[in-house]
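Subject: Structure for your review

Dear colleague,

Please find the structure below, together with its sequence. A short account of the findings follows it.

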Amino acid sequence: MKNPLYKRLGRELWHDLPRYIVIFLFMALPIALCAGYMIGNDSMIRTYNEAIEKYNLEDGHFQTLFSLDEEGTEQIEKEENLDVFPLFYKEETGKDGHTVRVYDLSDREEINQVCLHKGDLPASSDEIALDRLYCENNEIEVGDSFRVGSRTLRVSGTISVFDYSCLFKRNTDTMFNAQSFTVALMSKEGYAALSTENEVFNYAFRFPERLTEEKAHERNLEIRKNLYASLIAKGNMLSDYLAVEDNQAVQFSIIDIEGDLTMMLIFGILIVGGLAFVFALSIKSQIENEAGSIGTLKALGYKNGELLAHYLLLPTATTLLAGVVGNILAYTVLKEYLVGLYYHSYSLPTYTTFYNAKALIFTTVIPILLVLGINLFILLRSLRIPALEFLRGNLRVRRGRKVKKLGTGMPFMTRFRLRVIGQNKGTYVALFFGTFFACVILMFGLMMSPLLERYKQQVTDSLLAPYQTVLKADVPVEDRTAEKVYMTQLQYGLDDIMVLGVEKTGADSRYFGNLKLSDGKVTVNRPIKEKYGLKAGEAFEMKEKYEGGTYRFTVSDVFVNDGSLMVFMPLDDFRETFGEGEYLPMVFSQQKLSVDGALVYKTVTLADLTAASDQLTSSMGDVFRLFTLFSVILFALLIYLLAKIVIERNARQIAMMKILGYKVREINRAYNLPTGIMVMISLGINTVLCRYLIELLWRIIVPMRMRGWLDCYFAPYLFPLIAALGLLSYLAVYGIESRKIARIPLSRTLKEG
Amino acid sequence: MFIEIEGIKKDFGSGDSLTHALSGVSFKMEKGEMVVLLGPSGSGKSTLLNIIGGIEAADGGSVTIGRDQVHGMTEKERTLYRRNHLGYVFQSYNLIPNLTVRENIETGAYLSKSPLDLDELLEVLGLTRHQTKIPSQLSGGQQQRTSIGRAVIKNPDLLLCDEPTGALDSETSGQILELIEKVKEKYGTSVIMVTHNEIIAQMADRIIRLKDGRILSDEKNENKKKAGELAL
Ligand SMILES: Nc1ncnc2c1ncn2[C@@H]1O[C@H](COP(=O)(O)OP(=O)(O)OP(=O)(O)O)[C@@H](O)[C@H]1O
Ligand SMILES: [Mg+2]
């Protein structure tokens, strides 16, 4: 015979339909998101890996200060056993000061081949093909005219090149920049016709055979060292060397895609876990309400397993359904949307969807196991209580039910309220954890855009000079506002840090008025201090980028300046520490320097510095909005479910109070006010707790995963906002529930004992 | 002998609050017999019944039912013992609120390999008309009849009733007692019923009087009355 207890499930479901629907939706959504991410990511990762061979991706590239002749490249090929491909580019200014990095299409026949998305490759010298994503961001269509430097060209098509699957202008940038930076292709003639002023002598290379990651790393170190030495010996200079493994333009997208998946899965597991907890709590309070019946069934000989099974069926079925519906949603709607988000960030080649059995199993089996596990844990403990205790309704406290003495001096209502709180302790503890969880999600969802805004503002405010130009040779500059310093780059942690040798500070300097230098020591700027926790007096070691040497410095002071990570030292120390040819001059000025363009290595402007936050806002904007919306709803929901449990749990007593003649207002004050107060207290403590938890995690995770530094900032309005949202959610529940309580026929509530 | 109860002891609390709920209770009982445990409030009736029913453990003594020794059973074994042999009725009805009358009784039938015929039992209980109602739509008497139905449908060897009419008026009480009598006669069920009501005790085959956790008297009821004849 089938267990007749199952017959109640239909009615149970009907009776509590809103709760089940709400839980179902909030399980199905994260499951759909996770499944969508898994399917989309897996497809993208496979596409990405296939693209490495399909498009003949370089194993790395290097740049020289002056161009090599044919003999020079051949010598390198022979000495280092490499295939070297000249892949020069010219950086031109497009509309609104955008940077257009133009390559010669004919250089890309054997290496870093092109994926055409729309239109045609440039054929005549007045045609240009631009990156697909840049075009999308700037609403550029095939056939539009496009200004490059002083020339006006026709856009022949949109493309992506795999060596820029992510548009990093410089590998040292914090963020890529698909807003104001694009890769472009022109025909051989078209390329030749551009001014040679800003040409970069870039050489891509491939190892003749495939190497393991470890082997490749060894080779790279060796080649870099050799090239560096041999070029200096010839009066040239190695100005960049980048193995593909270190190339953010290639790696960032895939790391990000993989990292997002991890985040998403953790997020999903947390949400499903939270909901499983809500299930368990509401079943637990149901068991408490039915204590008499359960006790009788146990006395009649029902086994714990049989009772448990019927309680678990609905949560399990809800989860299973959510899993199936979530997966259907994932394949039909979300995958496209999520992949679309990536295509809105990255210049990836066209992709194909691979169907993914692992995702299906993962997103249905894991949630069910989670729900079963948490419920089993919580409910088994309740059900193991002996039948007699059930019959006595004595479930909450198992041993030695102690009743605290409350002074009789206290007004009755206060004592009563304290009793209510004592009685619901367990639920309030759950409420506390629940609000904590909800707060983390909500705060994370809400904090990002003010954080980026503030970062942008800080960078703008602390810009040292409107123009910062790195020169290829130490030539005199004629500009009253110009101040020359010397620059080299060293590595620390994940970052390539600019090290500046500065001569003039204080009143002598227009740009370094607040910079304090001490002989034999260095000054770090604030982002370094924040990111790596370096304080005055502390020593740290930086690595030489190409040769692997190390430098040990002691911090004397922190320079309050935001933006990219920088280390300053007195010029004399600087010259002593670094040899001739290991550094370049850098000029700070109010206007664009009037020097021969061929001598300019690179120019840094405000747009470059704020590019990170602009890009994050643009490419993550949709994600943040999704996240915020989701977190607000989830937050309200969790508060709703938890407060509902508290109020329902007391429904019987409330009915009893009404029968005794208490007025509804008095009952509200006795029962719902304490709950409201507990909600507010939990919220208050948790917003503060969350703030510190997020900051702590930020300080641990950002230095490990991100180049550069963003301050972990909580806009002050977040706190009252979260409190208000919490209060609103509670008031909504309170309204619904108190009306429900008012409508319950008193006799029936009591009879159901 | 069907049931043998030997030297049952039970204390609650310790120190100042120590209560000797039962201090050495022994009696025997035949199959098909109806025994009433009679005594004032606090005399230990419920405690004794719960020990016999295996939902409370005694501090000393033994309970033997058929071939089963209830004392010394593990929690699991006691569950099986109750499942196979016992029916339970309490003063409060403890029905499952969102199951109908019929389904509430089915929860009892589920536990038995050879349950009684449900429709016939509903007829005996006088609940045929009400079988599709849920507990909150029933009167107290109807709810208690449902709860008796749930206990007897499994055709238990022993039916334990703790003040089954405690919450009911005299007329309804009479109906419930008649029902218990009918079940006993029709199905040959042994019954132990707890009450503090002398009149109800008159329907028993045997009356055991308890006071302060001891047996005052254990006598065959010479002038046994039919449940319908009790002057409630
Ligand atoms: N769990 C317990 N903890 C402490 N004392 C208990 C407990 N259960 C019963 N007692 C005490 O044991 C004694 C016997 O209780 P029991 O419930 O058996 O009485 P009763 O004869 O059924 O009374 P009533 O007719 O009022 O139901 C009482 O003094 C009671 O206070
Ligand atoms: Mg009693």
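**The surroundings of ligand 1**

In this predicted model, ligand 1 is surrounded by 13 residues, and the closest are B:S41, B:G42, B:K45, B:S46 and B:T47. The site is shared between chains, because the residues around ligand 1 come from chains A and B.

The side chain of B:K45 places an N or O atom 2.7 Å from an oxygen atom of ligand 1. For B:S46, a polar side-chain atom is likewise found 2.7 Å from an oxygen atom of the ligand. In the case of B:T47, a polar side-chain atom lies 2.5 Å from an oxygen atom of ligand 1. Ligand 1 taken alone exposes 630 Å², of which the protein buries 64%.

Two elements of chain B, β2 (19-29) and α1 (45-52), each give two or more residues to the shell around ligand 1. The largest contribution is that of α1(B), with three residues. Sorted by class, the shell holds seven polar, three charged and three nonpolar residues.

**Strands β6 and β7 of chain B**

A further finding concerns strand β6 (residues 86-89) of chain B. B:L86 and B:Y88 point one way from this strand, while B:G87 and B:V89 point the other way. On which side are the residues buried or exposed? All four named residues, on either side, are buried. β6(B) pairs with strand β7 (residues 158-162) of chain B in the parallel sense, over four bridges. Within β7(B), B:L159 is the bridge partner of B:G87.

Yours sincerely

Key: Residues numbered from 1 in each chain as written. Chains lettered and ligands numbered in written order. Predicted model: local features only at pLDDT ≥ 70, side-chain atom pairs only at ≥ 80, totals over all residues. Heavy atoms only, no water. Near = heavy atom within 4 Å. Polar contact = N/O pair within 3.5 Å; in protein donor to acceptor, adjacent residues only side chain to side chain. Areas by Shrake-Rupley, 256 points an atom, 1.4 Å probe, with all protein chains shown as cover. Nonpolar A, V, L, I, M, F, W, Y, C, P; charged D, E, K, R; others polar. Buried < 20%, exposed > 50% of the residue type's maximum accessible area, 1.4 Å probe, protein only. Pairing = 2+ DSSP bridges.
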